[in-house]
Amino acid sequence: MADKNGFFDLSKTGLTSKTGLTRRTALKGLAAGAGLAVAPGFVRYSQAQSSAPIKIGFQSHRTGIGAAYGRWYEKTTAAAVKAINAAGGINGRQVEVIIEDDGTDPGRGAEVVGKFATQHKTDIVFGTLFSHVVIGSAPAAGENKMPYFVVSEGHHVASTKLNRYVFQPGITDVKSQIQSMAPWIAANAGKKVTQIFPDFAFGYDHRDYLPPALKAQGAEVIAQIAIPPTESSFTKYFPQIPAETEVIYHVMVGPAVLTFVKELGEFYGSNRPQLFGFIDSLEATDINSPGLEFLDGSHFWEGSPRYAQTDDSEAQKAYRAAVGIDDNGAAVGDPKDVSTAAHMFGCWETLYVVKKAMEDAGYKGPQDRAKLVEATEALTEFAEGPEHPQGPKTFNGKIHQCFGIQNISKIEGGKLKVVHKTKIEDGLYEAEGDYTTQAL
Amino acid sequence: MHFGPHLLLAALEGLVTSAVLALTALGLSLVFGVMRVVNVAHGEFFMLGAVLAWAITTAIGGHPALGFLAALVIAPLIVGAVALVAERLVLRRLNYNPEATIVATIGMLYIIQQLALTFYGPEARPVEPPFSYRILLPWFGYSGYKLSVISASALLLTATWLVLTRTRIGLVMRATQYDSETAQAFGIPVGRVYGGVFALGAMLAAIAAVLIVPISQAHYLMGQDPLLLSFIVVIIGGLGSLRGTVVAAVLIGLSDGIISMFFSPTLAKIIATLLVAMVLVFRPQGLFGTASR
């Protein structure tokens, strides 16, 4: 029975109730009630289209290897949506977030995008981190003509290998990050670099873009060690690190990252090469965990600093308070619950980009999705401020990618202290393609 | 690094894997051998042991060794109790029907995993090792705790072997495994033996997990690999054979350590799977198993 019919049957039973409820009408009413219960939102806004909320489908890594990120992405998103709604929403409409778990799995990710398009009928889809899930979900976004805003860090969006509906306006991609940091690595850490990276898409960005970036600075990658993302023990890989290595460049993801760093410590002790890591290797992990002492003095990339810095802007302070993280980057009230601060700011900033683009496009509903895509492509710059607390960014509408500053932080006294900030220009590269030439 | 030290490191890593694997697989092997139940949820009992170890060490605090020893005792007991309840509530009601119990234990797998996700969370959390001594070899450093895992596992395996061969409980279990109907006719409470064996199997997995958790971390998805490897070990070693399980665990652990170090981890998995196929083709009862009657 269709919801709609059921609904009218219910009103009829109300009228005829004087004559007593028959079992059949009671059943019909029950079915109608159930129909209403499983279809929230049904007819609620039919009389007032303009007051209906803008629905954002959030593809979240609630389970699977990305679950720690997923939880913090949800917290950041909730904080941003609260702030946007408190300030009047988007185009005068409130924002509603609908969360679906993708299990950090590409196949499931594509299904979730389809579900948002056909079942929840969301206006956009947002929020994915893991690169294999983005790559797996992108075709579904293209087929459903569903704008898909990811916060993934990978180079896949900017490579223009995906499609016109996929955007990454809130976090700089890996290729740009590497290019902007390579001069610092070559000048301060060492010239002979061994890379350790996860054996999937995100790791391949590092594998492919670090060697040329370092070569341009007179340094070289002397060994590349790929490790399966589900690996739980790492000592067996370390003998592959050449003895002449001056810098170990590590970027690991997944639940075993702490083991990786600990075993590296056991292997080398205090007599270690320089370490330069992406904080992905320790995101959501307390850097003061037992066994991590040997990291003292090593350097990390951070998108947004985990620890509050002395020169934090007012916007940064307000953002941290809104999301609910303390000066150590852990949840307020639970110092053991360490956030994924280096990445999750991207959720906050992406939502404000979506807001800006929807306002520019005069977005009314799913029929305006193409207009939204064009309005997003027309954006060029995001000024630092409450909407972009991580820092200023430029946006290239042809490759759907933003470019911001990167932080290099040093572990000192159990805290990460920013020692170098790159410039936006350091990370710019020639576009590899142009999404705007694709049909909408 | 030269070949000698490289091989030594590979062998050490392999032995640690073997030690934990032998304990886990022994639990699976006992359950299958005695009850004829393929316990797909075995890896989740392993995970539960690790998660409880984290909870217990965090609750106790103080010197890490204190919390660790408490976890080594309490975690397996709790896991054993959970397994016993599951056996009473689910497996027994299915009359230990082989097909039905597979489906039921798959269900248990998801229930335990999702409960862990709900109450423990998605993070990987570390447990401090009871002592952190780094053995300094001329070529590389190695964790002293890892070596102690190998010896602890050897001790536990010997103890299990003694229980199985030298005690009345072991006799009753072996009788049930050999022929449960005849055992029942001779007054052995087969139902209770089943309950005990299922709990014991889960406890062995939990002990293995408590031993490994200071090396890797407690995470709600950590049960998958041990389950797969345990199945491989049990198939190669022969069902219900303690000796076979230990030999197969050492074989798989060492080959995993050495092959993945000199070649690639993927190749190590390929070879282990190939070995399973070969055993199934040429010696279906396993290396040390007895042919079914």
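1. Start with A:Val193, which stands opposite A:Val247 in strand E8 of chain A. The two strands concerned, E6 (residues 192-198) and E8, pair in the parallel sense over four bridges. Strands here are DSSP runs (E, at least two residues), helices are runs of H or I with at least four residues, and both are numbered from the N terminus. Two strands pair if DSSP finds at least two bridges between them. As background, strands of a sheet pair through backbone hydrogen bonds, either parallel or antiparallel.

2. A word on what you are looking at: this is a predicted model, in which local features need pLDDT of at least 70 and side-chain atom pairs count only at pLDDT 80 or more, while totals for chains, interfaces and linings use all residues. Residues are numbered from 1 along each chain as its sequence is written, and chains are lettered from A and ligands numbered from 1 in the order in which they are written.

3. Now the other neighbour of E8 in chain A. Four bridges join E8 to strand E9 (residues 274-278), and the two run parallel. A:His250 stands opposite A:Gly277 in E9. Between E8 and E9 the chain passes through helix H8 (residues 257-268), and this β-α-β crossover is right-handed; that is, with the strands pointing away from the viewer, the path from the first strand over the helix to the second runs clockwise.

4. Is E8 (residues 247-250) of chain A covered on one side or on both faces? Both faces are covered: A:Val247 and A:Tyr249 are buried on one side, and A:Ile248 and A:His250 on the other. Buried residues make up 50% of the 440 residues in chain A.

5. Chain A also has an open sheet of five strands in the order E2-E1-E3-E4-E5, with parallel pairing. E2 and E5 (166-167) stand at the edges with a single partner strand each, so one side of each is left without a neighbour in the sheet. Inside this sheet, E1 and E3 of chain A pair over three bridges, and A:Phe58 has A:Phe126 in E3 as its bridge partner.

6. The buried residues of H4 are A:Gly109, A:Ala110, A:Val112, A:Val113 and A:Phe116. Among the elements of chain A that cover them are strand E1 (54-60) and helix H5 (131-143). After H4 comes A:Lys121, whose phi is positive, near 50°.

7. Next, the domains of chain A. The assignment, which is automatic or from a database, gives domain 1 (3-38), domain 2 (53-172 + 345-402 + 433-437) and domain 3 (174-320 + 327-334 + 408-421). The C-alpha centres of domain 2 and domain 3 lie 27 Å apart. In contact (C-beta atoms, placed from the backbone, within 7 Å) are 21 residues of domain 2 and 20 residues of domain 3.

8. Finally, look between the chains. The contact takes 27 residues from chain B and 22 residues from chain A. On the chain B side, helix H1 (3-35) of chain B is one of the elements supplying at least two residues, and H1 gives the most, with four residues.

Key:
Buried ≥ 20, exposed ≤ 12 C-beta atoms within 10 Å, placed from the backbone. Contact = placed C-beta atoms within 7 Å.
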